[in-house]
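Let's take a friendly walk through a protein model. Keep the picture open beside you and find each residue as we come to it.

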Amino acid sequence: MRRSIVWRTAAVVVAAALVIWSMSCAKNPVTGKRELMLISTADEIALGKQLDPEILQTYGKYSNPELDAYVAALGHKLGALSHRPDLTYTVQVVDSDVVNAFAVPGGYVYLTRGMLSYLNDEAELAGVMSHEIGHIAARHSVHQYSQAQLAMLGLGVGSMFSETFQKYAGIAQLGLSMLFLKFSRDDERQADALGVEYASRAGFDANHMANMFVTLERLNPGSDRSGLPGWFSTHPNPPDRIAAIQRDAQVWRDKLAGTAFVTNRDGYLGRLEGLVFGEDPRQGYVEGQAFYHPQLAFQFPVPSGWKVNNTAAQVQLYAAQQDAVILFSMASGASPAAAADAFRQESRANVLQSESARINGLLAQRLVSDVALEQGNIRVASSFIQKDKYIYVFHSYTDPSLFDRYFSVFKQTMAGFNNLTDPTKLNVKPNQLTLRKTATAGTARQAFQQWGVAADKLEAAAILNGVQLDDALPAGTLLKVVVK
């Protein structure tokens, strides 16, 4: 009996999938082939508009109007040469030191300031932008979304006849969505080819796109405190990638014979003067066993052995065993009590304890509550704290069975929130890029040594500038140097 139900259900799934396939195939703008697309162009644009503010809130927008205008103009130029010139391409710089660039459907491209730091001419920048525009033009993200939706159709059927499976359906769906965040190597190869095409047609030397990949391989970027993964974490590295880019570049040089391809090295580097390099401590940093935020003038202790991930939207603290989390952010409300009540209503929390309090002289509201999730309850200790014009909130949570073990850690962290008054913590400054010209011919090593770069920083300086330490450089070569 059960087997027949399963087989009939599977037949329904197959039939439904065939109907979806027949109704939702669309022509790929790049290849011209028909592919499964469960999202229209209009919906794709709407999705991008929805995601854009969320991305900027999570990672923060880098504040530099001149740099914004520069990357936006170049993005419009390259987008107009793509296979989807009808889209409005929006290119923005996000305030993260991770070396990455990424795109979302609808024409939105993001470059981290970390990526800009490691590029060394406009041709490299055009290659990165064109690669991301290539992902959009070929609808790679939309295709992944469609595949995920089709996979979830099968997941929904599984939930029909398995209570156990239904309980964890939410986790499985999340896993699928995370899986499809990473492009396939075929997608990467196609985006590389499109990047070379668009950059070449815009008049840039696309060979320099390969230079960028050489730098990334030397740097081997990973994840940092912002939670944003590095380039190769989201862009798998196909075999023979650099050689393939160089071959494609030569093909386009032959097609566009007579074009004076440019790199515009000094023009690009000149726009990086003063660019924040590495972590920006003004937006929060960990030192010793404490988290300090100079701009908002607060501090709180960090539990020993816990990992800290600081983003523009919140500070996340994870226990070493990854079975407890403390989230710190701003809350909405006219008072701590009002913010606590809003949390209770929005999360449908079952409040076990509630009290008004003072935390280091600051008005606060403390709660302990149970919040029901699809996968079961979590127990949350929350502190809503008013400081100046803002309401801050800690949500410290774990499984109810572990709550007593972690409660003292939660309490110590939340009770340690305080005003930051120490001038040495308040007046920290970030590292920045400055530009210097070599006075005489010599090696890169000699130039960096003359400028006082420490011996253990020489290789990092060479990678930053896309050179080898023993490369011979002519007089007047512009190089980037990290200064405080």
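In this predicted model, the charged end of Arg271 sits over the ring of Tyr70, 4.0 Å from the ring centre. Lys255 does likewise with Trp252, its charged end lying over the ring at 4.3 Å from the centre. A charge counts as sitting over a ring if NZ of Lys or CZ of Arg is within 6 Å of the ring centre and within 35 degrees of the ring normal.

A note on the numbers: residues are numbered from 1 along each chain as its sequence is written. As the model is predicted, local features need pLDDT of at least 70, side-chain atom pairs count only at pLDDT 80 or more, and totals for chains, interfaces and linings use all residues, while side-chain values use heavy atoms, with hydrogens and water left out.

The whole structure holds 24 aromatic pairs. Rings of Phe, Tyr and Trp (its six-membered ring) pair if their centres lie within 6.5 Å; planes under 30 degrees apart count as stacked, over 60 as edge-to-face and the rest as tilted. Here are two of the pairs:

| Pair | Centre to centre | Angle between planes | Kind |
|---|---|---|---|
| Trp306 and Tyr406 | 6.1 Å | 80 degrees | edge-to-face |
| Tyr392 and Phe417 | 5.6 Å | 40 degrees | tilted |

Trp306 is in the loop between strands E9 (298-301) and E10 (307-310), and Tyr406 is in helix H15 (residues 403-415), so their pair ties together parts 100 residues apart in sequence. Helices (H or I, at least four residues) and strands (E, at least two) are DSSP runs, numbered from the N terminus. Trp306 and Tyr406 are both buried, meaning under 20% relative accessible area with a 1.4 Å probe and protein chains only (exposed is over 50%, partly exposed in between).

Are Tyr392 and Phe417 buried or exposed? Both are buried. These two rings also belong to a cluster linked by ring pairs, together with Phe291, Phe298, Phe300, Phe328, Tyr390 and Phe394.

Finally, look at an open sheet of three strands, in the order E6-E18-E21 with antiparallel pairing. Strands E6 (276-277) and E21 (478-483) are at the edges with a single partner strand each, so one side of each has no neighbour in the sheet. Strands pair if DSSP finds at least two bridges between them. E18 (residues 431-437) is joined to E21 by six bridges, and Lys437 has Leu478 in E21 as its bridge partner.
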